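Have the viewer open and follow along.

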Amino acid sequence: TDVAYGPAAGCPGEDEDCGGSQQVDIYRSTEPGPNPVLVYFHGGGFVRGDKAGSISEYLNAAREDGWDIVSVNYRLTTPDEANAFPAAVSDAKRVVRWVKANAQAQDWDASNVAAMGQSAGGNLAGMLAVTADQPEFEAPDLPPELAATNSSVIAVVALNPVSDLTLFGANPDWTESMQHYTGCRGDCTRAFELGSVQTHVDANSAPMLAMHGDKDLLAAPVQGALVQDSYDAAGIGDRFELVVVADGPERYQGHQIDYERFVDRFVEFLDAQ
């Protein structure tokens, strides 16, 4: 637990204005290595949340299938706009580089690193899928051992992702937080676009499985449809799969994840890549 992949150590306690940390928890597979790695990003609107409380017991299915799981803390945006965009995206890319740079020591397969995230974490996982060749999102202070590798992933599972910041920021409960996250005042159209997954899709984007609840007020299925349209426009529509949950318990049609029902599908999707 609390293994550093960068210098930001955060602060003790539950202070939501702390700013987060660049640390991970590692969950080992039950299978012998070298293992593929699933990098997991927690939700919380880019302003709160923690790696320790975000991992579902149902993800043991991935561990039993041979995946090691690296649950990530990343820098969180504070009211004074410290750690504003693209800090969290840079952290997501940095931790992928860290996994690859430490693969031999950790008995990991550096050629098979995937990402998963929920809500804001789903945005970060999605950004990994579509920005592998965009250096402006990389941390400027990468040490040589991290700079020597890359931040690409083989696949992404985005769970109730807030992939479109314009739509997410239109929710009055989150408008101010998105302004802090993007460091934007006034017309935030371009700032919100830069933080949205569909803006960056190109022919090199990684395969993605996105799951949305039909009645989700934070991450409505239209957000997934926008990403799907961009994959189609880039000629790689076969790399994107959209799941809309419109049945079962009502909470899973909202902003919660039905891990128990869908975890085998997640693992099957990752294995296929």
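## Glu138 and Lys93

Glu138 and Lys93 make a salt bridge, with 3.7 Å between the closest N and O atoms. The cut-off here is a side-chain nitrogen of Lys or Arg within 4 Å of a carboxyl oxygen of Asp or Glu. Since Glu138 sits in the loop between α4 (120-130) and α5 (144-147) and Lys93 in helix α2, the pair ties together parts that are 45 residues apart in sequence. Helices (H or I, at least four residues) and strands (E, at least two) are DSSP runs, numbered from the N terminus.

Both Glu138 and Lys93 are buried. That label means under 20% relative accessible area, while exposed means over 50% and partly exposed is in between (1.4 Å probe, protein chains only).

This is a predicted model, in which local features need pLDDT of at least 70 and side-chain atom pairs count only at pLDDT 80 or more, while totals for chains, interfaces and linings use all residues. Residues are numbered from 1 along each chain as its sequence is written, and side-chain values use heavy atoms, with hydrogens and water left out.

Side chains of opposite charge can pair when their charged atoms come close. Across the whole structure, the search turns up eleven salt bridges. One of them joins Arg75 to Asp91, whose closest N and O atoms are 2.9 Å apart. This pair links distant parts of the chain, with Arg75 in the loop between β4 and α2 and Asp91 in helix α2, 16 residues apart. Arg75 counts as partly exposed because its relative accessibility is 21%, whereas Asp91 is buried at 0%.

Asp25 and Lys51 also meet through their side chains, at 2.8 Å from N to O. Asp25 is in strand β2 (residues 23-27) and Lys51 in the loop between β3 (35-41) and α1, so this bridge ties together parts that are 26 residues apart in sequence. Buried or exposed, what are these two? Asp25 is buried, with a relative accessible area of 6%, and Lys51 is buried too, at 3%. A network of salt bridges links Asp2, Asp25 and Lys51.

## Aromatic pairs

Now for the rings. Rings of Phe, Tyr and Trp (its six-membered ring) pair if their centres lie within 6.5 Å; planes under 30 degrees apart are stacked, over 60 edge-to-face, and the rest tilted. That rule gives seven aromatic pairs. One of them, Trp98 with Trp108, is edge-to-face, at 6.0 Å centre to centre and 65° between the planes. Trp98 belongs to helix α2 (residues 87-101) and Trp108 to strand β5 (residues 108-118), so the pair ties together parts that are ten residues apart in sequence. Both Trp98 and Trp108 are buried.

Elsewhere, ring pairs join Phe46, Phe85, Phe137 and Tyr181 into a cluster.

## His42

His42 is in the loop between β3 and α1, and it counts as buried because its relative accessibility is 1%. Between His42 and Gly121 there are 79 residues of sequence separation but 4.9 Å in space, C-alpha to C-alpha.

## A negative patch

Glu31, Glu64, Asp65, Asp264, Glu268 and Asp271 form a negative surface patch. Such patches take residues with over 30% relative accessible area and no salt bridge, joining like charges within 9 Å. Helix α10 (residues 259-272) supplies the largest share, three residues. Asp65 lies in the loop between α1 (60-64) and β4 (68-72) and counts as partly exposed, at 35% relative accessibility.

Key
Patch = residues over 30% accessible without salt bridge, like charges linked within 9 Å, V, L, I, M, F, W, Y side chains within 5 Å. Areas by Shrake-Rupley, 256 points an atom, 1.4 Å probe, with all protein chains shown as cover. Lys, Arg positive; Asp, Glu negative; His and termini not counted. Charge placed at Lys NZ, Arg CZ, Asp CG, Glu CD.
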